[in-house]
Amino acid sequence: MRQGDAALARWYEEQKAVRELGAAQQSSEERRSQLLELLRRSLGHFERTTAYEPILLERTVCDGYIRERVELSAVTGLTFGAYVLIPEGASGRLPGVVAVHGHGYGSRQICGMTADGEMDTRGTGGHSHFAVQLVKRGMVVIAPDVIGFGERRLASDLASDPNAPNSCYMMATKLLMLGRTLTGLRVTELFGALDYFLTRPDVDPARIGIAGFSGGSVISYTAAALDERIRAALLIGYPNTFKDSIWDIRHCICNYTPGVLTEAELPELLGLIAPRPLFLESGRRDPIFPSEGFEMAVSELQRLYGDANAEDRLAYDLFEGGHEVSGRQSFDWMKQQLEAVPNL
């Protein structure tokens with residue numbers, strides 16, 4: 001009993017009982033307000049800037065779409081790049097999607113490029129160029145560079161290892177010492193990208209969706225729960241229970257939020273998006289987000305969406321694959337949801 005396994009299991013179950021007792025004593029609205037406040041607190045405080053003017057860095061004609069590169073800022077002292085993909089021949093205001101990449105080499109990985117910016121003809125790495133797949137369905141897509149990946153890795157990490165895959169560990173640990181979280185920084189920057197996106201004349205601000213893969217889904221669900229300007233959410237390679245995935249399987253430190261299990265399990269947090277449309281996608285052979293946990297999350301979310309009288313706004317796909325993007329149902333679903341814009 002010296003290793004602590006039994007103690008950790010006991011503490012999880014004890015906290016689960018505390019959570020369930022607390023939830024049973026609250027109305028659904030009280031519970032929702034409490035969990036939204038939990039998410040807000042988990043971000044930590046990052047000073048927002050509104051004085052930065054977006055800069056258009058490049059504009060490239062691609063196969064069926066235009067690709068722009070813009071420079072943005074959301075947090076004082078930090079800038080970041082984002083790709084905007086616009087359907088070729090587009091006119092008027094179109095539905096827009098914020099596409100959030102996961103662990104890898106950054107936004108280029110979902111925008112049809114290799115790490116050095118060349119066209120990627122292989123589509124390796126599990127992201128399946130999903131921003132390109134969305135723009136080719138007639139939606140404008142913005143894909144911000146998530147801090148800690150690609151060109152946004154820390155100089156200190158690159159100095160010790162030029163091939164460092166990411167800077168999640170150093171960023172997350174230092175932010176924790178400041179009482180902040182890496183998820184909080186990433187979500188704050190995403191809100192900045194969303195603010196810019198909504199000012200574009202080619203984007204309909206009433207028809208905005210978000211799509212995230214893996215770690216990008218952590219950012220996406222948090223943003224969607226907190227900002228109702230996001231009208232539909234697609235979460236890929238992440239929907240699960242904490243117990244079956246983040247708790248039991250070794251993950252990147254950026255997936256961990258201090259104190260979150262004192263308040264809720266993951267499906268209840270995803271349920272904060274209700275009654276807005278939500279699509280859950282996962283591979284049956286995903287080794288880090290097991291299918292059993294996905295099915296448990298689906299079951300709980302069906303209950304939560306039922307309680308919100310929104311059963312028809314929840315959809316899911318457990319496809320035959322691993323930790324990767326499929327999109328076989330979800331990309332068309334996103335287009336349909338944004339075109340419908342339900343009167344919530």
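**Aromatic pairs and charged ends over rings**

Colleague: What is the relative accessible area of Trp-247?

Modeller: Trp-247 is partly exposed, a class that lies between buried (under 20% relative accessible area) and exposed (over 50%), computed with a 1.4 Å probe on protein chains only. The model is predicted, so local features need pLDDT of at least 70 and side-chain atom pairs pLDDT 80 or more, whereas totals for chains, interfaces and linings use all residues. Residues are numbered from 1 along each chain as its sequence is written, and side-chain values use heavy atoms, leaving out hydrogens and water. For Trp-247 the relative accessible area is 33%.

Colleague: How many residues apart in sequence are the parts tied together by the pair of Tyr-12 and Trp-247?

Modeller: Five aromatic pairs are present, meaning rings of Phe, Tyr or Trp (its six-membered ring) with centres within 6.5 Å, stacked under 30 degrees between planes, edge-to-face over 60 and tilted for the rest. Tyr-12 and Trp-247 make a tilted one, at 5.3 Å centre to centre and 55° between the planes. Because Tyr-12 lies in helix α1 (residues 5-24) and Trp-247 in the loop between β7 (232-236) and α8 (266-270), the parts are apart in sequence by 235 residues.

Colleague: Which residue do ring pairs link with Tyr-238 and Phe-289 into a cluster?

Modeller: Tyr-238 and Phe-289 form an edge-to-face pair, 5.4 Å centre to centre with 65° between the planes. Both Tyr-238 and Phe-289 are buried. The cluster that holds Tyr-238 and Phe-289 also includes Tyr-221.

Colleague: The charged end of which residue sits over the ring of Tyr-12?

Modeller: Such a charge is NZ of Lys or CZ of Arg within 6 Å of the ring centre and within 35 degrees of the ring normal. At 5.7 Å from the ring centre of Tyr-12 sits the charged end of Arg-19.

Technical notes
Helices (H or I, at least four residues) and strands (E, at least two) are DSSP runs, numbered from the N terminus.
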